[in-house]
Every structure is written in structure tokens, then in C-alpha cells.
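Welcome! Take a moment to look over the model below, and then we will walk through a few of its features together.

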Amino acid sequence: MATDVVTQPQRQGPPPVKAVNDFSIQVATVNGSGSQSANMVLLRSIFQMGIPVSGKNLFPSNIAGLPTWFTIRANKDGYIARKKEVDFLIAMNPETAIDDVKSLAPGSAVLYDEPLNLATVRTDVVFYSAPFDKLVAPVCPEAKLRKLVKNMIYVGMAAQLIGISMDEVEKAVRKQFKKKQKAADLNFGAVKAGYDYAVASLKKADHCWVEPMNATQGKIIIDGNAAAALGSMFAGVTVVTWYPITPSSSVCEQLIDYMKHYRIGADGKATFAIVQAEDELAAIGMVLGAGWAGARSLTATSGPGISLMSEFAGLGYYAELPGVIWNIQRTGPSTGLPTRTMQGDILSTALLSHGDTKHILLLPDSVAECFDMAFDAFELAEQFQTPVFVMSDLDLGMNNWMSDPFKYPDRPIKRGKVLDKAALDKAGSFARYKDVDGDGIGYRTLPGTDHPAAAYFTRGSGHNDRAQYSERPDDYQNNMDRLAKKFDTARAYVPKPIVETGKSKIGIIAYGTTHWAIVESRDQLRKEYKLETDYLRLKAYPFTREVHDFVKNHDRVYLVEQNRDAQMLDLLKLDLSVDQIPKLRSIRHYNGLPIDARSVTDELVTQEGK
Amino acid sequence: MASTPTTPPTTPPAAPAVKTNRIGLSVMEYKGSKTTLCAGCGHNAISERIIDAMYEMGVQPERLAKFSGIGCSSKSPAYFLSRSHSFNAVHGRMPSVATGALLANRTLMGIGVSGDGDTASIGMGQFVHLMRRNLPIIYIIEDNGVYGLTKGQFSATADLGSKLKTGVINDLPPIDTCAMAIELGATMVGRSFSGDKKQVLTLLKAAIAHNGTVMLDIISPCVTFNDHEGSTKSYKYMKDHDEPIHDVSFVPQFEEINVDYDPGTTTQVTMHDGSRLLLRKLEEDYDATNRIEAVKRLMQAHEKGEVLTGLFYIDTKKPNFLEMLNMTDKPLATLPESVTKPPKSVLDEVMEMLK
């Protein structure tokens, strides 16, 4: 095989259609090679040009050495779901390069590191070859940094080929390296080397182009876990406990950063406590202990951690203890695909624990909702005196998303039904689990309340409404019925779904990150199949009245979700009247990758018999 | 009623003055509900000593928070101090609940009651981390070597060769929770026997004065499942084998020392709050401030088949977990919104950085 440098692009097949602001770039690298900064610069440069953009990092469960892919999608219509097809591949990983190239559609482009010699793999794609090692050496004298800086070379080439302004790239580089001027200079030098090489040696032959737009003005870029952390800080969280688990760790890590910055009092003392627990059992135990004592407490975890929290979750439900648990859902059990995404814990979390337990779930679709729901979660947890789970996922939590700036939570914090000394003086006594107001929610006191009648005994087992131990059947049943009533009360307080109804008899229900594929799929259905659909996006469990109405008002309802067993559909079946259940249909996506619009469209059309 | 007085007395007889403690409460204010444990259970004696200690030390009941796991021992917080909030958690996981509650409100005084099953088996993970954090709490193991509520299986503190009622012999070595607690960082560690009223009471009063994790392993015989011949946790066995390593007495900070003691035979330890512990030498020299010697002595005791009791280790200087977190002095739980919710300008600043 010839090892000549392929500097001239080769392609056969039909001439490409010029795709302006509508393509996806995939960067295939080796984990640990430092490509994240380069990819963020590329993403941010496009963003700065005003073009809607999204980035998804597909990474292995590994420190260094295994393959990783980063996909950047630019889309003038604002579609930010994953796009299945890759239009422009940057192939840097010898291990996956051939497969990566083979998986491309004809007419796509490949920019590759010269020694990979990919041009022989197929003839129906555009190849750009570049000697990365030769290019990086002069701009990065320090040999040990070259592995990292090398990635900036492809940023420069891609920028030149698809038309990203170098001013924007430089701005993005400087933002990425913040105050580290030397590092910024070094990296931008590499970008320029790549750019200059592309000008001199690469001839544009692919169809990907960017042109400035004005669709990202004023927007921010943030990952869902940082948004959750920020939201929690503004919701007045005071006790945070955690045990590291991908993909949730960065919720608490970023929360630590924010809190250290913004939640230290004038006396230099922290207005919070953050504890790395010995495991998830301890993390939830601390959260519930703190909630019992009156703090706004939070932990973040993922599926395996949720399993470990099961017993405590039940205690929280029965003993009626507030606490917020973020579940950044990932694929499968411990040795599954810990770095891939899924909506796989819906059913297990909703019903987490033994006995008749039901938990409030919040279902953020976006970074903005991660921020808002962090506040909602505490409000609900304290008002309903129960653990509340926020069901994010890896795609939302760990990827960078474009968003409007978050809105400051102006409403005052509500701490729920807590009796203090003055209230006890007035009342004389209280019964912890008595339904005084008819909403199923009792009054509680906090330990340390300076009143002889304040104390009560907290236990998960049978108790009467004065919190006394009881094994009487009527006491147990009355308590269970009150808990059910409390859960029913919550239906009117959880965030309502977003409903878009027209005249269609076809309804779609989705939640969380699946939303972004639905937005795009509904347009595809309309444009390609003349199929109008109505849409309801769930924001919480228990289901509200709107959900029942939506099912009632449609002939067929497709519940689209990212798990194998149609978990939300199963939950909905438990809620709906029997005559409504046959209307439900299911579309599922569960290969570890974020759901894409095309998969939804194809499946819905098939089920519609079109 | 035996008789009704025909003529009421013109002046009621003066009610006998109810004895009160230094905060004006009678001992009745420290009582709990009626116990549902077996008559003669060592745990009941420990509950009584907790009542006495809290009363004598003048602890405000509302400032105390009680924690427990699952088991006979863990039921007992219902049987003392009804005026204190209590949390009966899940099996072996009381330490995390207590940690959370004390993080939320650092002004609470915490007491946790666990058993040998609840601590040394299912709860080992949380136990060791509580010790290592030196959380300010009194952690009591009511240790009887068996699981009571599930009817008499061995626990991990059962001694080698001890025998169940069914004849089963334990052939695994016991876990010495005191040695572990010392090694891991607890700052006041002792062992006692529920039958030794004075020693239990003294250690509990000192525990109340201590700032940091207090771990007391109190041998507390199970009269139903482990009080027979062949048991090493029976009343009889303890009476025969209890070896106090010193004689402990305690003088709270609000009292003057009114006994003379010989500095040659008695060591005085001044505690965090100014209270004093007096450790009077019995048969051997023992330095309760030396961790390495303490663990060594405990291991020797195992070799010799002794059941050492007393205060094994104390460190009055080490900062506790809450102090290490640099938290505000006020309870986090009730901080006002003005302190816990940063202003809009902070959000604007963060948003600007993310653009």
C-alpha cells in the first residue's frame, strides 16, 4: 500500500449539495488525549457565529486509551437532538478510523491524520489528509504537550474548510483557557498552523458550510449538571452529600465550586455543609437525617446508587422526610455502559423501595429546567415532606447545551408545615401524622425546638397519627390512606405538562431529553408524511389531569422514551382508566446513544401503517 | 381507693418538694415510654443510666436528638427522654442519619443507640466512617453477642467458642468495636457492663461532656437468648470476667472537686468543657491518652480471655467533624432565605460567564 500523503481531496459520486448551517461534525479521538478542549473551541466558535449548535460527548468508561467520539451538530432550525448521520468526520483514532469511515454516508467528508492512510478505504467520500505530527512540532516546542495541542490543529483545518471565522476561534480559545494566557497562545498557534495548512494544501470539496446567523445572541452554554448545581444553590440548599458515580459526580463537584464562591458568609463561615459519603446508602441517610432536622438537603447519583438508596427511600416516604435526589440516569447496571445515556430508572425510581411507595419525580428536558426544577424539587420535598427525585440523564447532565439565561427564582422559599415554639405555645400539642388540613399533609416539628411538646418519635414502621408505635390494622391502613391522599394532593402542585394540541387524533407523549428528538420528528412527520401530531411533554410524576385529558382526546397516543420496557407507559397504565389503555402505543430507543428524530419518525410512521 | 376523708383538711399538706436538677427539671422529665423489652434485659438498665446521666448533667431534653438503627437495642430510645426528638432509622444505617441531622443543626446533642448486630455486621460500613469523622455524638453499642429480634443468631461480637442455646458454637473471632473505634479516630472510647451501674453512669456523664465521637461498647446480656452456661455475654460470665482497667470517676465542670486524690495513683483528664475525669489506678499502669497502647492492651485482653472495661482512650483536643467543615455557628436548617439564596446579581454574574 502506498503511504503517500494524500493532499488532494478525492471523491466520486454526485456533487454535494451545499449544506449551510445544517450538518454534524464528529471528532473521533482516543480517550485522555485532551481533545475535549479542542472540541469545545470548535463548538463555541460556531455558537459565537450565531448558529444553533449542540455537542454530545460519547466517551468510554476509562481514564485513557479507549475510543471517544464528540459530535457537534450545527442546525439553523435549532434542532439540537442527536443527528444519526455524520457529515464531517475528523478521524484521529487509529483504532476506530476504518469503521468510522465505513459508517459514513456517501458524500461525507473525512479529515484524518496522515499515517492513518484512510483514503484507500472507500471512494465515495471526500478525504482531507494532514500530517498532524509535522504540523504540531514547530508550534509546540515542548514535546510532552504535543499530544494535547495536536487537537487544535484540526480545529484550524475544520474552521478553514467550513468557513468559521478565525476571530471567533481565537475568542473561543481564550474563553476555554480563561486566564491562562500562555496556554491560550500556544493552542491558538496550533489552530493557526492547521488553518494555514488547510489554505495551502486542502481543497474544499465537501458540502458543510457555516454562515453567520443571529440565533444564539445572549444565550449561554452549560451542562445539565452545572445547571442543577446552580439551581440548587439558588434554592437555598444547605446540606449536600454525595458519593462519586458517573454521570452524576459533576452535580456535586460543580455545586462545591459555586457554593465556595457564593455561599460563604461575611464572617468567612459556610452557610452549607458538603460531605462526600462512604457510599450511596450513607449519602441518602444523611440527606434524610438533615431533612428531618429541617435542612434543605440534596444528593446526586445514578441508577446503581438509586438501587442502594431503595430502603432509605421507603423510610423517607413512610416517615415523611424531605430530601432531593438527582438521578442522572445512565445505561444498565454497574458494569453496563456507565458512560452512556438512558431513561432507564423511571419505573424503579417512581416505586423505589418496599411496601406501597410512590415518589414524586421531576423530569427536566433542558438545562433551564434542571435549574428551575432544582428549586421546584425543594419546594415539593418540604411541602409534601417526602423525598423528591429529579430524573435527568447523562445526555442532559454531562453534555453542553445552549440555553437562554436562567431566570432568577423570585418567589419566596416555602418551608412547608413546620410548627415552631410560638405555634406550639398556641396549639399546646400536636400530632405529627394527623391530617389537620384535609390534604394528607401533617405538621412537623424540628429537633431542637424549645418546647416540651415538640418532640415526636420518627420511625418507618406502624404508627398512629401521634407518631406512637402501633401495630393496629386500622392505624396502619389509615396512615396508608393518608399517604395516598397526600400523593394525590401533589398532582395539583407538581409542574404541569407542556401541551401542544391542534386537531390531530394522534398524540405524542415524551419527557426529558427525548423532547428534542420529538420537536424535530414532528416537523419531519409534517413535512415528509403530511402527518400532524399533538404533543404533551411530561414534567412530573404523579400525572396531572392534563395527561388524562390528553389521552382521552386522542385516538392513538405514542409514548416515546429511552428504555426497553416502556417504563413511563407502564406507569401511565397504572393511572389511566381501563378503556383508555388500548390507545397507548410505545416508541422506544435504548442503545445507549441519545435518541434521534429519525428513529422516532420511522417507527411512528411504521406503526401508523404509512 | 382505700378510704375517703370525711372532713377535708383546712390546709392541704405541703407537697413533698420534688427534687430537681440544675436546670430545674425533675427526673420524671427525662423518662420515656414503658419498655417493651424483656424483663431483666441489660438494655433497660442502660436506658435508666442514660436518664440518670442526662438528669444529673442537666441536659435540656429538647436539645438532645436520639438516633437508633434496628434491633432490640434500637427500640430503646423510646424508653428514655420522651421530650427529645428521636429517629429510628434503618438497620445499620443510623450513623448517616445522625450525621445528616447534626450537619443540619450543630446545636443539637446527639446520642445514638445501636446493637452489636446493627453495628458490627450490617452497619460496619457506616460505623467505621462515623468513628473516622469524629462526629460529636455519643454512640452506644448495647452488646449482647446475639440478634434478639430475630431470635438468637450469633452476631459478629460473639466470642470464639461461645455457645448458643441451640448448642451451636461460634468459630469466628469477635470484632472488637473499641479497638476499631480507637484506630479509626473516635476520641473517647470505652467498654462497660450494664450491670455495673456506677461505671456506666460515670462514662455516660463524661460522654456528655466530651466534644467528639464517644463510642461506648456496653455488654448488655440478653436474658432470653444469651444468658446461659457457655455464653460469654451472660450476667454470670461478666460478673466473673469483668476486669476494670481503672476506677473512673467524673466531676462535671459545674461542680468543685471535693475529694482528695493521690496524683501518684490517679490521673486527671480535663475535658473540653472543663469537666474532669479521674482515672484511679487499679492493678496496672494504664495511659488512656495513648492510642497505640490502648489497642495493644485490648489485643492482649483477647489473648488472655479478659473482658476489660473502663475508659480505654480519650483525646480532648482533636477537632470534631462539624468544626472541620467551617460551618456557620447557627443551625443550617433554619438559616433565613436572605442567607441561603444568593441575590439576582450573582445569577447575572454566572450567566455572563457562561455566554
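In this predicted model, helix α6 (residues 177-184) of chain B and helix α9 (residues 291-304) of chain B have axes that come within 10 Å and cross at roughly 160°. Because an angle over 145 degrees counts as roughly antiparallel, α6(B) is roughly antiparallel to α9(B).

**Helices α6 and α9 of chain B**
- The crossing of α6(B) past α9(B) is left-handed.
- On the α6(B) side, the residues in contact are B:C178, B:A179, B:I182, B:E183 and B:L184, and they meet B:R291, B:A294, B:V295 and B:L298 of α9(B).
- By class, this contact of α6(B) with α9(B) has seven nonpolar, no polar and two charged residues.

**Helices α7 and α13 of chain A**
- Over in chain A, the axes of helix α7 (residues 224-234) and helix α13 (residues 367-384) come within 7 Å and cross at roughly 35°.
- Here α7(A) passes α13(A) in a right-handed crossing.
- Residues of α7(A), including A:G224, A:A227 and A:F234, meet residues of α13(A), among them A:V367, A:C370 and A:F378.
- The contact of α7(A) with α13(A) is made up of ten nonpolar, three polar and no charged residues.

**The largest pocket**
- The largest pocket holds about 1,200 Å³ of space.
- It is lined by 36 residues, and those closest to its centre are A:Q176, A:K178, A:D223, A:Q254 and A:N400.
- Elements giving two or more residues to this lining include β2 (22-30) and α8 (249-262) of chain A, together with α12 (344-354) of chain B.
- Sorted by class, the lining of the largest pocket has 15 nonpolar, 15 polar and six charged residues.

Notes. Residues are numbered from 1 along each chain as its sequence is written. Chains are lettered from A and ligands numbered from 1 in the order in which they are written. This is a predicted model: local features need pLDDT of at least 70, side-chain atom pairs count only at pLDDT 80 or more; totals for chains, interfaces and linings use all residues. Side-chain values use heavy atoms; hydrogens and water are left out. Axes are lines fitted to C-alpha atoms, for helices over the stretch in contact, and angles run from 0 to 180 degrees between N-to-C directions. Helices (H or I, at least four residues) and strands (E, at least two) are DSSP runs, numbered from the N terminus. Angles under 35 degrees count as roughly parallel, over 145 as roughly antiparallel, 65 to 115 as roughly perpendicular and the rest as oblique. A crossing is left-handed if the near helix is turned anticlockwise from the far one by less than a right angle, and right-handed if clockwise. Contact means heavy atoms within 4.5 Å. Ala, Val, Leu, Ile, Met, Phe, Trp, Tyr, Cys and Pro count as nonpolar, Asp, Glu, Lys and Arg as charged, and the others, Gly among them, as polar. On a 1 Å grid over the protein atoms alone, a cavity is a set of points where a 1.4 Å probe fits but cannot get out, and a pocket is an open set with protein on both sides within 12 Å along at least five of seven lines; lining residues have an atom within 4 Å of a point. Grid points are joined across faces, edges and corners, and a volume is the space filled by probe spheres set on the points.
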